[in-house]
Amino acid sequence: MAEKMPAIMKTKPAYGAELVEVDVPKPGPGEVLIKVLATSICGTDLHIYEWNEWAQSRIKPPQIMGHEVAGEVIEVGPGVDTLEVGDYISAETHIVCGKCYACRHNRYHVCQNTKIFGVDMDGVFAEYAIVPAQNAWKNPKDMPPEYAALQEPLGNAVDTVLAGPIAGRSTLITGAGPLGLLGIAVAKASGAYPVIVSEPSEFRRELAKKVGADYVINPFEEDPVKAVMDITDGAGVEVFLEFSGAPKALEQGLAATTPGGRVSLLGLFPRDVTVDFNNLIIFKALEVHGITGRHLWETWYTVSSLIQSGRLNLDPVITHKYKGFDDFEEAFELMKAGKTGKVVFFPHKG
Ligand SMILES: NC(=O)c1ccc[n+]([C@@H]2O[C@H](COP(=O)([O-])OP(=O)(O)OC[C@H]3O[C@@H](n4cnc5c(N)ncnc54)[C@H](O)[C@@H]3O)[C@@H](O)[C@H]2O)c1
Ligand SMILES: C[C@@H](O)[C@H](N)C(=O)O
Ligand SMILES: [Zn+2]
Ligand SMILES: [Zn+2]
């Protein structure tokens with residue numbers, strides 16, 4: 001095996017990243033080394049690339065980027081008895097402590113000591129990467145690597161869509177970025193109807209339709225609340241799923257939700273938001289969920305089963321595939337311009 005490998009690294013506290021040659025790492029106790037078969041770009045990677053305020057406060061360059069991954073175990077570190085060479089795995093990216101108050105209540109998804117690959121330590125945008133054995137998820141051998149890598153963000157979408165009943169429920173999804181598109185796929189596979197999507201980008205509205213949205217709305221050209229009321233005969237939607245992080249979308253979605261309906265919020269807002277709590281939430285008796293990460297490990301079982309069921313329409317979500325990392329800057333710039341769904345790298349060119 002090679003001793004050096006290419007990796008996309010955040011080398012400096014500034015915009016961008018570099019493709020560098022680094023040593024192939026050695027797995028320490030409790031870790032495995034994987035050959036990365038597929039790895040996809042998350043919005044968080046874009047924030048790190050752009051070096052926004054959040055990235056500046058959290059990331060300590062130099063560091064290999066990336067956290068969504070599928071790979072084959074090629075070396076097992078000391079003390080690992082749950083994995084062996086040849087296993088085909090994906091990874092839960094949250095490394096949880098198992099000791100804090102939340103963990104001891106089985107709320108690992110809100111562990112207060114969470115560390116994340118590619119955020120708090122070297123990540124997976126490389127030919128080989130280290131994964132702690134406790135974070136590995138074994139995949140069926142016939143799952144395509146690009147789907148296997150998508151399981152992590154799919155977990156975010158599954159927790160958002162399935163935070164309450166969805167089958168046969170009218171559903172509004174705001175934001176059809178990569179996460180919202182996965183949300184549409186999960187909602188459709190789970191029997192939601194009609195699925196109404198509000199998204200300003202024409203490119204992404206088209207993708208939303210391909211994934212299965214029943215109606216798409218441009219919120220910059222028509223009033224989404226009126227459009228939802230027209231589609232639902234004045235009732236409003238039973239389920240509102242927020243995937244945009246846009247304050248206006250939150251307000252419109254709450255207004256478009258039927259009294260007694262369910263609201264699940266995944267999108268992260270760029271600043272504090274002001275909402276008319278009395279009229280839009282309390283007097284409407286809405287059920288509101290904040291969504292973060294994935295439930296360990298229930299969500300992974302659901303995600304894996306949904307993919308294996310063949311009912312998730314994922315192909316239109318994956319808009320860009322790259323062999324190797326040579327064109328990584330193009331990939332990030334396209335994603336930044338909103339001209340992509342999910343972008344997947346296959347690090348090994350052969
Ligand atoms: N809570 C979590 O654990 C978690 C995990 C991953 C991502 N996120 C967040 O989820 C959100 C979605 O992630 P993504 O990668 O798809 O982001 P993204 O920025 O690519 O997608 C957001 C989409 O919302 C659209 N949008 C903008 N204004 C809108 C409006 N007024 N109404 C409707 N749509 C609007 C944009 O055009 C874009 O397509 C982000 O805010 C991200 O930070 C949260
Ligand atoms: C870090 C973030 O991007 C990751 N996808 C999560 O679920 O938490
Ligand atoms: Zn992510
Ligand atoms: Zn913990």
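# Questions about strands, shells and domains

Me: What makes you say that both faces of strand 9 are covered?
Reply: Y128, I130 and P132 on one side and A129 and V131 on the other are all buried. A residue is buried if 20 or more other C-beta atoms lie within 10 Å of its own, exposed if 12 or fewer, and partly exposed in between, with C-beta atoms placed from the backbone. In a regular strand the side chains alternate between the two faces of the sheet.

Me: Good to know! What kind of model is this, and how is it numbered?
Reply: It is a predicted model, in which local features need pLDDT of at least 70 and side-chain atom pairs count only at pLDDT 80 or more, while totals for chains, interfaces and linings use all residues. Residues are numbered from 1 along each chain as its sequence is written, and chains are lettered from A and ligands numbered from 1 in the order in which they are written.

Me: Why is strand 9 called largely enclosed?
Reply: Strand 9 (residues 128-132) has 5 of its 5 residues buried, so the rest of the structure largely encloses it. Strands here are DSSP runs of E with at least two residues, and helices are runs of H or I with at least four, numbered from the N terminus.

Me: How do you know that strand 3 and strand 9 pair?
Reply: Pairing asks for at least two bridges found by DSSP between the strands. Strand 3 (residues 31-40) and strand 9 have 5 bridges, in the antiparallel sense, and L33 stands opposite I130.

Me: Why is V20 called partly exposed?
Reply: V20 has 15 other C-beta atoms within 10 Å, so it falls in the partly exposed class. V20 sits in strand 2 (residues 18-23). Leaving aside residues up to four places away in sequence, V20 touches A7, M9 and T11; contact means C-beta atoms, placed from the backbone, within 7 Å.

Me: What makes the unit of strand 14, helix 8 and strand 15 right-handed?
Reply: The test is the path from the first strand over the helix to the second, which must run clockwise with the strands pointing away from the viewer. Strand 14, helix 8 and strand 15 form a β-α-β unit of that hand. The chain then crosses from strand 15 through helix 9 (residues 277-282) to strand 16, again in a right-handed β-α-β crossover.

Me: Which partners does strand 15 have on the sheet?
Reply: Strand 14 (residues 237-242) runs parallel to strand 15 and is joined to it by 5 bridges, with E242 opposite L265. Strand 16 (residues 287-290) pairs with strand 15 in the parallel sense over 4 bridges, and V263 has V288 as its bridge partner. Strand 15 (residues 257-265) is mostly covered, with 7 of its 9 residues buried.

Me: What makes a residue part of the shell around ligand 1?
Reply: Its C-beta atom, placed from the backbone, has to lie within 6 Å of the molecule. For ligand 1 there are 28 such residues, the closest being G43, G175, G177, S244 and G245. Helix 5 gives the most, with 3 residues.

Me: And which helix has the largest share around ligand 2?
Reply: That is helix 4 (residues 145-161), with 3 residues. The shell around ligand 2 includes C42, T44, E152 and N156.

Me: How do you know where the two domains lie?
Reply: The bounds come from an automatic or database domain assignment, which gives domain 1 (4-155 + 294-346) and domain 2 (164-290). Their C-alpha centres lie 28 Å apart, and 14 residues of domain 1 are in contact with 16 residues of domain 2.

Conventions. Two residues are in contact if their C-beta atoms, placed from the backbone, lie within 7 Å.
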